Amino acid sequence: MPLTATAAPSFVTVLVRGLLAGLLAGLLAGAFAYVVGEPHVEAAIAIEEAASAHAEPAAGAHDHEDALVGRNGQRGGLFLATGLFGAAMGGLLATAYVLLARRRRIHDDGRSGLLLAGAALLGAVLVPFLKYPANPPAVGDPATINQRTVTYLLMVVLGLVAVWAGSLGYRSVGAQAPLWQRAAAGVGGFLLVSVVSYVVLPSFQEVPADFPATLLWDFRLASLGTQVVLWTGIGLLFAALMHHDRRRRIAATPSSA
């Protein structure tokens, strides 16, 4: 049976599906981070502890403070954090899906959700990563943590603006224009905002010269991979749930024979 037009699902229905997709994707991302990222975190912590021990005065002139949460607790909390974060991102995706319903040119529920997740991955993850890649625990000046946090969040916002600018450029050319012209306008709008953001926002060069480059980039790629797994999972699960819901609504609609 073809997927003909049906009544749009309610906001609550879409939100529940977004939260569920985000929760499951968050747990999957947590498993990825545990398997792929944790060994690099442990290695970075070992380097940090060795450097701290070397810098301490002799004979106990420095008192250690116990961490509020031990490493075992942090490992367990990893799944809780990624699960809750995933659910929150799934909820935001579902909200954007409903708010942009009238502007979507693609009426397939599943494909629309997948495209939204892809846009979020591009704007909120990939664009900020190229400017501010993640650093392991032993890297970064504590004095600049507030500034780094604010500029990173600003970069996330600008990354989403870049995606919006790309979409606007693609649409502004007109539906009758050749595909390559619309694609070029979209890429141009996206790159314009991204490049200006990279130039205007400050950079932070706080990686110690003696920090292992291989460990640094292994950690960064693991961090990026966790986000890719999260948003890919949210997109696929949300698309599947929305597609299933659409089929269910079509099956429940009386046929006009």
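Predicted model: local features only at pLDDT ≥ 70, side-chain atom pairs only at ≥ 80, totals over all residues.

Visitor: How many helices and strands does the chain have?

Guide: Six helices and zero strands, giving the pattern α-α-α-α-α-α along the sequence. Helices (H or I, at least four residues) and strands (E, at least two) are DSSP runs, numbered from the N terminus.

Visitor: And what share of the residues count as buried?

Guide: 34% of the 257 residues. Buried means under 20% relative accessible area, exposed over 50%, and partly exposed in between, using a 1.4 Å probe and protein chains only.

Visitor: What about the accessible surface of the chain?

Guide: About 15,300 Å², and 68% of that belongs to carbon and sulfur atoms. The areas come from the Shrake-Rupley method with a 1.4 Å probe, and for residues only the protein chains shown count as cover.

Visitor: Of the contacts between residues at least 6 apart in sequence, what percentage join residues at least 24 apart?

Guide: 86% of them. Contact here means heavy atoms within 4.5 Å.

Visitor: OK, cores. Which residues touch the most other members in the largest nonpolar core?

Guide: V14, L93, Y97, L230, W231, I234 and F238, out of 20 residues in that core. The elements giving two or more residues to this core are α1, α2, α3 and α6. A nonpolar core is a set of buried Ala, Val, Leu, Ile, Met, Phe, Trp, Tyr and Cys residues joined through side-chain atoms within 4.5 Å.

Visitor: What does W231 touch?

Guide: Leaving out residues up to four places away in sequence, W231 touches M89, A117, A120, L121 and V125. There's also a second, separate core of nine residues, which includes Y132, V163, A165 and L201.

Visitor: Switching to aromatics: how many pairs are there?

Guide: Three aromatic pairs. The rule is that rings of Phe, Tyr and Trp (its six-membered ring) pair if their centres lie within 6.5 Å; planes under 30 degrees apart count as stacked, over 60 as edge-to-face and the rest as tilted. One of the pairs is Y34 with F79, which is tilted, at 5.9 Å centre to centre and 40° between the planes.

Visitor: Where do Y34 and F79 lie?

Guide: Y34 is in helix α1 (residues 11-55) and F79 in helix α2 (residues 71-99), so the pair ties together parts 45 residues apart in sequence. Y34 is partly exposed at 38% relative accessible area, and F79 is partly exposed too, at 29%.

Visitor: Why is the pair of Y132 and F204 called tilted?

Guide: Because the planes of Y132 and F204 are at 45°, with the ring centres 5.9 Å apart. Y132 sits in the loop between α3 (109-131) and α4 (145-172), and F204 in the loop between α5 (179-200) and α6 (213-252), so this pair links distant parts of the chain, 72 residues apart.

Visitor: Is Y132 buried or exposed?

Guide: Y132 counts as buried, at 12% relative accessibility, whereas F204 is partly exposed at 22%.

Visitor: What sits over the ring of W217?

Guide: The charged end of R220, 4.7 Å from the ring centre. To count, NZ of Lys or CZ of Arg must be within 6 Å of the ring centre and within 35 degrees of the ring normal.

Visitor: Which residues in α4 are buried?

Guide: T151, M155, V156, G159, A162, V163, A165, G166 and G169. G166 has a relative accessible area of 10%, and beyond its neighbours within four places in sequence it is in contact with G186, G189 and F190.

Visitor: Last one: what is T226 in contact with?

Guide: A29, F32 and A33, leaving aside neighbours within four places in sequence. T226 is in helix α6 and counts as buried, at 12% relative accessibility.

Notes
Residues numbered from 1 in each chain as written. Heavy atoms only, no water.
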